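Subject: Structure for you to look at

Hello,

The structure I promised is below, with its sequence. My notes on what was found follow it.

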Amino acid sequence: MAASSSIDNELIPLNTQRLLDSFIEILSVDSYWGNEHRVVELIQPRLEALDVTCSQDAIGNLIGRWPANGKNSAPIMLNAHMDTVQPTPKMCPVVKPDAIYSDGSSVLGADDKAGVAAIVEAVATVHEAGLPHGPIDLVFTVGEEVGQFGADAFDPNDIEARVGLVLDGGGPVGEIVSQQAGSYSFTATFHGKAAHAGIEAADGISAIAMLARAIDHMPLGQIDELTVANVGVVSGGQAANIVPPEATLVGQARGLDQTALDRQVATMQQAAEDAAAAFGGQVEIEKTCRFKATSFSPDHPAIQLADTAVRATGLTPSHMPTFGGSDAQNFNEKGIQTAMLGSGYLNVHSVSESMPHKALHQLTQITIQTILNA
Ligand SMILES: [Zn+2]
C-alpha cells in the first residue's frame, strides 16, 4: 500500500485469449449451490501449477495460499464466489464482439465467475512475469447466492490475511463498495382467539386484523437514504368462517447507519405490540441482527488497497454504499476487513446477463495491481 515503484505501475500485458478461454470454461459448468466442485476441478490444478497450495474446508470453499515471492508485505485476501443463481439448465456462453452472453436459456454466471477468472488469471500473469509479491490468500466460496453459506461457515483461522477484497460488487469496474448495510430479520407472530365467524363473532379476536394494523403502522420501503425495510411474507387463518387465532409476518430491515437501523426495528416492534394490544391479543417478536453496518473511511487499509490498484490500472476509483448482501459482510464479521470491487457484469440474475470484454480485462488488471501493490 506504500507508494510503489514505477515498474509496478506499468500495466503488464494480459494474455486476453487465455483469460477468455478460462472464463468460458468456468462459465460452461453448472455450479449452482451444491455443484461448485465443478469449478474447483477446473481452477485447483491451474492454481497448483502456479505454486498456490490449495485445500477445501468442510463446506467446500476452496482456499489457496500463495506464498510471498521476494516481497515482505502483510498478507491480503482475494475472494470470489463459485456458485451462480439459476436457471442453469445447460450453460452455453456466447462470445460476441462487445461481451460474453448466455444463449438465453440460462444465466451467464459472470456473477461471480468473472471474479473467479480474474483472480486465477491475475495469479498466472504475476507468476509468469516473475514480479515480486507478498503472501496472498485466495478464498473461493460456495453458496453465496443462496445465503452466503460458504462465507458463513468459513473459518478465518484458515487464512492469515486480515484485510481483503471481494470481487463481486454489482457496479462498474473501478467502483469500490466502502459501506455495507447492516441487516435484521424480523418476524411477528400474532395470537388472537378462534371463534365461529357467523354465530359467535363477538367472542373472536382476529390475529389477521392485528397483523394488518401492525403493517399499516410500520414505516416500510425506502425509509430514507440510509434505511430500507420490507414485509415479504404474511400468513395466517384457516377458513372464511373462522376468526383467525394466529397470523405471522416475516420482514427485514437494512441500514447503512446502525443506530438508525436499530431504531427502525424498534419502530416495527412497537407497531406490532401496539396492534396486538389494541385488539386484546398477543404478539411474539423474533428479531435477529444478521450483520452490523460497516463503513470504511478513505484511509482504511482495504480502501487504500483497492484505490491504489484501480488508479494503477488507469481508472478513477469511486466509493459507493450497498444495501445488497455479500460474502464481504461475513468476512468483516469474522475480523477480515473487506471491501468490494465493482465487477462490471451487467443484468445479473437474469438470462440476459453479460460480461463486457473490457470489464473482464480491467477487473483482471485491477487484481494484478492489487497483488503487486499490496
Ligand atoms: Zn455475486
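In α6, residues A209, M210, R213 and A214 meet A271, A272, A275, A276, A278 and F279 of α7. Two residues are in contact here if their C-beta atoms, placed from the backbone, lie within 7 Å. Helices (H or I, at least four residues) and strands (E, at least two) are DSSP runs, numbered from the N terminus. Helix α6 covers residues 207–216 and helix α7 residues 258–279; their axes come within 8 Å and cross at roughly 140 degrees. That makes the α6 helix oblique to α7. The axes are lines fitted to C-alpha atoms, for helices over the stretch in contact, and angles run from 0 to 180 degrees between N-to-C directions. Angles under 35 degrees count as roughly parallel, over 145 as roughly antiparallel, 65 to 115 as roughly perpendicular and the rest as oblique. The crossing of α6 past α7 is right-handed, that is, the near helix is turned clockwise from the far one by less than a right angle.

Some background on the model. This is a predicted model, in which local features need pLDDT of at least 70 and side-chain atom pairs count only at pLDDT 80 or more, while totals for chains, interfaces and linings use all residues. Numbering starts from 1 along each chain as its sequence is written. The mean pLDDT (the predictor's confidence in each residue, from 0 to 100) is 96, and 97% of the residues reach 70 or more. Over residues 1–8, however, the pLDDT is below 50, and this stretch has 11 contacts in the model beyond near neighbours in sequence.

The C-alpha trace spans about 85 × 45 × 35 Å along its principal axes. Of the 374 residues, 48% count as buried. A residue is buried if 20 or more other C-beta atoms lie within 10 Å of its own, exposed if 12 or fewer, and partly exposed in between, with C-beta atoms placed from the backbone. Among contacts between residues at least 6 apart in sequence, 77% join residues at least 24 apart.

Next, the cores. A nonpolar core is a set of buried Ala, Val, Leu, Ile, Met, Phe, Trp, Tyr and Cys residues joined through C-beta atoms within 7 Å. The largest one has 75 residues, of which V116, I119 and A306 touch the most other members. Helix α4 (residues 110–129) gives the largest share of this core, 11 residues. A second, separate core has 26 residues, including A207, M218, V228 and A293. Leaving aside neighbours within four places in sequence, V116 is in contact with I26, V39, I43, A80, M82 and F140.

Last, the backbone. Most residues other than glycine have a negative phi, and most peptide bonds are trans. The Q86 to P87 bond is cis, with omega near 5 degrees, and P87 sits in the loop between β3 (76–81) and β4 (94–95). The D111 to D112 bond is also cis, with omega near 15 degrees; D112 is in helix α4. D51, not a glycine, has a positive phi of about 75 degrees and lies in the loop between α3 (37–49) and β1 (53–56). D51 is partly exposed, with 13 other C-beta atoms within 10 Å. Q148 has a positive phi near 55 degrees, in the loop between β6 (136–141) and α5 (149–153). Q148 is buried, with 23 other C-beta atoms within 10 Å.

Regards
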